[in-house]
Amino acid sequence: MADAQCACGALRLTFAEPPQLTALCHCFACQRRTGAPFSANTFYRIGCVEVSGPSTQFLRTAESGRKVRMHFCPTCGSTVYWEAEASPSWIGVAVGAYADPGFAPPTLSVFEQHKHVWLQLDETLEHFNGLPDR
Ligand SMILES: [Zn+2]
Ligand SMILES: [Zn+2]
């Protein structure tokens, strides 16, 4: 299975099993985190991810009031993974950190109320304003 890493390669993740879910997010926090118009995020069970290399943490408060702990490389600044208080058994990983055009496509697109107007997405995605009620 492909590893994920930051731009300089110092912070790396390896995985013991495939991701559970991949989603796009258009929220403003993701736009600012990535510097891109939307984020592509994949989620693993927390026990199957091994982290190597240093990371700096940034604790963000989500709109829900719960915390999200972002881990980014102190040298190059790439955010590679995060943990959300709202889903403590999962770890989120930035899809761009794989640099793999063949990575499994997303099945969900969330916070579409903030989606850039020019962006066209596949009709096979499930679309949500905000998060799905699950
Ligand atoms: Zn780095
Ligand atoms: Zn987001």
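Helices (H or I, at least four residues) and strands (E, at least two) are DSSP runs, numbered from the N terminus. The legends below describe a predicted model, in which local features need pLDDT of at least 70, side-chain atom pairs count only at pLDDT 80 or more, and totals for chains, interfaces and linings use all residues. Residues are numbered from 1 along each chain as its sequence is written, while chains are lettered from A and ligands numbered from 1 in the order in which they are written.

**View 1. The protein chain as a whole.** Along the sequence the elements of the protein chain follow the pattern β-β-β-α-β-β-β-β-β-β-β-β, which comprises 1 helix and 11 strands. The C-alpha trace spans about 35 × 35 × 25 Å along its principal axes. The radius of gyration of the protein chain (taken over C-alpha atoms) is 14 Å, which agrees with the value near 14 Å that a compact globule of 134 residues would have; the globule rule is 2.2 Å times the number of residues to the power 0.38. Of the contacts with a separation of 6 or more, 51% are between residues 24 or more positions apart, a contact being a pair of residues whose C-beta atoms, placed from the backbone, lie within 7 Å.

**View 2. Confidence along the protein chain.** The pLDDT, which is the predictor's confidence in each residue, from 0 to 100, averages 94 over the protein chain, and 99% of the residues score at least 70. Confidence is lowest in helix 1 (residues 28-34), with a mean of 94, and highest in strand 1 (residues 4-5), at 98.

View 3. Eight strands form an open sheet with mixed pairing, in the order 6-7-8-9-4-3-10-11, where two strands pair if DSSP finds at least two bridges between them. Strand 6 (56-61) and strand 11 (126-127) stand at the edges with a single partner strand each, so one side of each is left without a neighbour in the sheet.

View 4. Strand 7 and strand 8 pair in the antiparallel sense over 5 bridges, with Val68 having Ala84 as its bridge partner in strand 8 and Met70 having Trp82. The hairpin formed by these two strands has 6 residues between them, and Gly77 in the turn has a positive phi of about 90 degrees. Strand 8 also runs antiparallel to strand 9, to which 2 bridges join it; here Tyr81 stands opposite Val93 in strand 9, and the hairpin of strand 8 and strand 9 has 5 residues between them.

View 5. A residue is buried if 20 or more other C-beta atoms lie within 10 Å of its own, exposed if 12 or fewer, and partly exposed in between, with C-beta atoms placed from the backbone; buried residues make up 28% of the 134 residues in the protein chain. A nonpolar core is a set of buried Ala, Val, Leu, Ile, Met, Phe, Trp, Tyr and Cys residues joined through C-beta atoms within 7 Å. In the largest such core, which has 25 residues, Cys25, Val80, Tyr81, Val93 and Ala97 touch the most other members. The elements giving two or more residues to this core are strand 3 (21-25), strand 4 (39-45), strand 7 (67-72), strand 8 (79-84) and strand 9. Not counting residues up to four places away in sequence, Ala97 touches Ala4, Gln5, Cys6, Ser78 and Val80.

**View 6. The surroundings of Phe103.** Phe103 lies in the loop between strand 9 (90-94) and strand 10 (108-110), and counts as partly exposed because 17 C-beta neighbours are found inside 10 Å. Leaving aside residues up to four places away in sequence, Phe103 touches Val95 and Tyr98. The C-alpha atoms of Phe103 and Thr22, which are 81 residues apart along the chain, are separated by 9.6 Å.

Terms used. Contact = placed C-beta atoms within 7 Å.
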